[in-house]
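Please look over the model shown below. The report then goes through it part by part.

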Amino acid sequence: MTFLVGNGGGFSGDRVDAPIPVVRSLMARGLPAAMFFETLGERTVALAQLERRRDPELGYEPMLERLLEPILADCFRARIPILGNFGAANPPAAARLVARLALRLGLPDLKIAVVGGDDVMGSIALDQLPVHEADGSIDTKSARLVAANAYIGAEPLVEALRLGADVVVAGRTSDPALAIAPLVHHFGWSFEDWEKLAVGAACGHLLECGSQVTGGVFWDPGFKDIPDPANIGFPIAEVTAEGGLIITKPEDTGGIVDLRTIKEQLLYELHDPAHYITPDVVLDISGCHVEQLGKDRVAIHGLRGHPRPETLKVTASFEGSWLGEGEVSVAGPNALARARATADVLLRRLEMRQLGVRARVDLIGVASVLDSDDGALWRGYEGPEPPEVRIRLAAEGADRDNVDQAAREVLAMLCCGTAGTGGARWRLTPRILTRSYLVLRERVPTSVMVRSAREMVG
Amino acid sequence: MSETREVPLHAVAHARAGDKGNRSNISLIPYDAALYPLLAAQVTEARVLALFAHRGATRCTRYDLPELQAFNFVIDDVLEGGVNGSLNLDGHGKTQSFRLLSLTVTIPA
């Protein structure tokens, strides 16, 4: 018996109409199925926490209603549960939004689960935990904590499904847990069956970034072409009780599933391929191989699993410094010389005014994203004259006003700059710094509450 | 002796970059599995580290996946602080896969 797992979103900001063809495909196939959404990046929860401070009814995925409205009634009637970490910093408020949406759609009996426990800001003293991932830039003694969330595993999500939830609203979970949970619930897999959990983790890992396994981040015109990139189908996994795993996509969509897309996504954000750590299992893809079974259908074989770690990862976010950015353009004859002169003058101005910021200049169109902070690539550039160059200054510092002043130096180039300088934009944004810790899993108790839409807001 | 030619990796392989903190991982996958040994011999940790030296990379580890016919390069301290601290427009380093694909290899003509 095959179970289908569909993905409707791979990050906060993904295409909002993506879930529609996935749900249509799941319903047409008539097999037991679940949908999941992964909308919570490393920093998203901290930004959501700031949002919640401004308004206690906010702090969840801002596109939640747009994502669910077209599919909620169909999923409810077809018994396709929806799981997501779209609760972000405020799962109860997200659940109330889902409940109001359900009432509006005439689904008062839709059951909504709120999964809690990931938010450990008030319950765990971070300074007593071993640091997992950090860089030297964070002085956590003085930095103000914004959010601290544990990456919880699939167990409370399974509990929510067991209690009959049609929509499971979580905050921070491990991404693969969102796919592991419906599989464990449907097949009754044990939480100590590492080989099966490894299949679930690989399923989640391959699907969690949505279109990245069906042609997104993949297409390279003339080299890796995909059909209809404006309409890439989001992925569907076919999983069997024995641990078979096939990745496919809705038939009436663009994009592609082949050995190349699967290999790229299998290794995405992986370090040691033999040790991909999740809260539920350590996934080992070092011996796996892939097989094209047909058009847009690829099987993954040879996955291995090892026992889960005793610890969970907690990511803490701190209020950081300020980032100021400014940009202007030059174009036409002698653009490169004018761009270089603009860059040098901007850096000289910051020095003259002693603003005490760390700064960098990019020559967009010559070298920027591949360059280093000291501009090694654009300074050494000896290629042809570019038709246009956009000059970008980025400055960072603890003092908001100094950073703002640095960014405004770019604006001043509209009048003080080289001939034909135009198109100025500048902005100032607060930075969020993150640091990860390891905590024993028993110190992170989770909770599950299930209510019908009517009970929740009726 | 057979003829050879020098091409950018982009002509014979594809890649994808991801990040964790100040560390980048870039997969490298030959279009033709027959080129796997050739890439294993030529796309060394030292060459890849040198490619990212201007950004302060300190270490490069290559994981070989012969069953998958793919490589995974893990490059430390290459993201100028990563999304936490980078002044780069692309703090995640998603574009760095194409820096790797600009590296040249010598293949049979």
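## Model and conventions

This is a predicted model, in which local features need pLDDT of at least 70 and side-chain atom pairs count only at pLDDT 80 or more, while totals for chains, interfaces and linings use all residues. Residues are numbered from 1 along each chain as its sequence is written, and chains are lettered from A and ligands numbered from 1 in the order in which they are written.

Helices (H or I, at least four residues) and strands (E, at least two) are DSSP runs, numbered from the N terminus.

## Domains of chain A

Chain A splits into domain 1 (2–121 + 148–315 + 442–457) and domain 2 (317–436). These bounds come from an automatic or database domain assignment. The C-alpha centres of domain 1 and domain 2 of chain A lie 39 Å apart. Their contact takes 7 residues from domain 1 of chain A and 4 residues from domain 2 of chain A. Residues are in contact if their C-beta atoms, placed from the backbone, lie within 7 Å.

On the domain 1 side, helix 2 (44–54) and strand 15 of chain A each supply at least two residues. Strand 15 of chain A gives the most, with 3 residues. The domain 1 side divides into 3 nonpolar, 1 polar and 3 charged residues. Here Ala, Val, Leu, Ile, Met, Phe, Trp, Tyr, Cys and Pro count as nonpolar, Asp, Glu, Lys and Arg as charged, and the others, Gly among them, as polar.

## Strand 13 of chain A

Strand 13 (residues 297–301) of chain A has alternating side chains. A residue is buried if 20 or more other C-beta atoms lie within 10 Å of its own, exposed if 12 or fewer, and partly exposed in between, with C-beta atoms placed from the backbone.

Strand 13 of chain A pairs with strand 9 (residues 245–248) of chain A, antiparallel, over 2 bridges. Two strands pair if DSSP finds at least two bridges between them. A:I246 has A:A299 as its bridge partner. Strand 12 of chain A also runs antiparallel to strand 13 of chain A, joined by 5 bridges. There, A:H289 is bridged to A:H301. Strands 12 and 13 of chain A form a hairpin with 2 residues between them. A:D296, in the turn, has a positive phi of about 55°.

## Helix 10 of chain A

Helix 10 (residues 335–352) of chain A has 18 residues. From first C-alpha to last, helix 10 of chain A reaches 25 Å, close to the 26 Å expected at 1.5 Å a residue. The expected span is 1.5 Å times one less than the number of residues. Its buried residues include A:L336, A:A339, A:A343, A:L346 and A:L350. Two arginines, A:R338 and A:R340, are also among the buried residues. The cover over the buried residues includes strand 15 (311–331), strand 16, strand 17 and helix 12 (400–416) of chain A.

## Where the chains meet

The contact takes 35 residues from chain A and 29 residues from chain B. On the chain A side, helix 9 (259–266), strand 12 (289–294) and strand 18 (422–440) are among the elements that each supply at least two residues. The chain A side divides into 13 nonpolar, 9 polar and 13 charged residues.

Chain B has an open sheet of 4 strands in the order 2-3-5-4, with antiparallel pairing. Strand 2 (13–20) and strand 4 (59–65) of chain B stand at the edges, each with a single partner strand, so one side of each lacks a neighbour in the sheet. Strand 3 (residues 23–30) and strand 5 (residues 70–76) of chain B pair over 6 bridges. One of these links B:S27 to B:N72.

Helix 9 of chain A lies across strand 2, strand 3 and strand 5 of chain B, at about 155° to strand 3 of chain B. Axes are lines fitted to C-alpha atoms, for helices over the stretch in contact, and angles run from 0 to 180 degrees between N-to-C directions. A:L259 is found in helix 9 of chain A. A:L259 counts as partly exposed, with 17 C-beta neighbours inside 10 Å. Not counting residues up to four places away in sequence, A:L259 touches A:V290, A:Q292 and A:V298.

## Positive phi

Most residues other than glycine have a negative phi. A:Q354 has a positive phi, near 50°. A:Q354 sits in the loop between helix 10 and strand 16 of chain A, and is exposed, with 8 C-beta neighbours inside 10 Å.

B:E80 has a positive phi of about 50°. B:E80 lies in the loop between strand 5 and helix 3 (82–85) of chain B, and is partly exposed, with 19 other C-beta atoms within 10 Å.

Conventions. Two residues are in contact if their C-beta atoms, placed from the backbone, lie within 7 Å.
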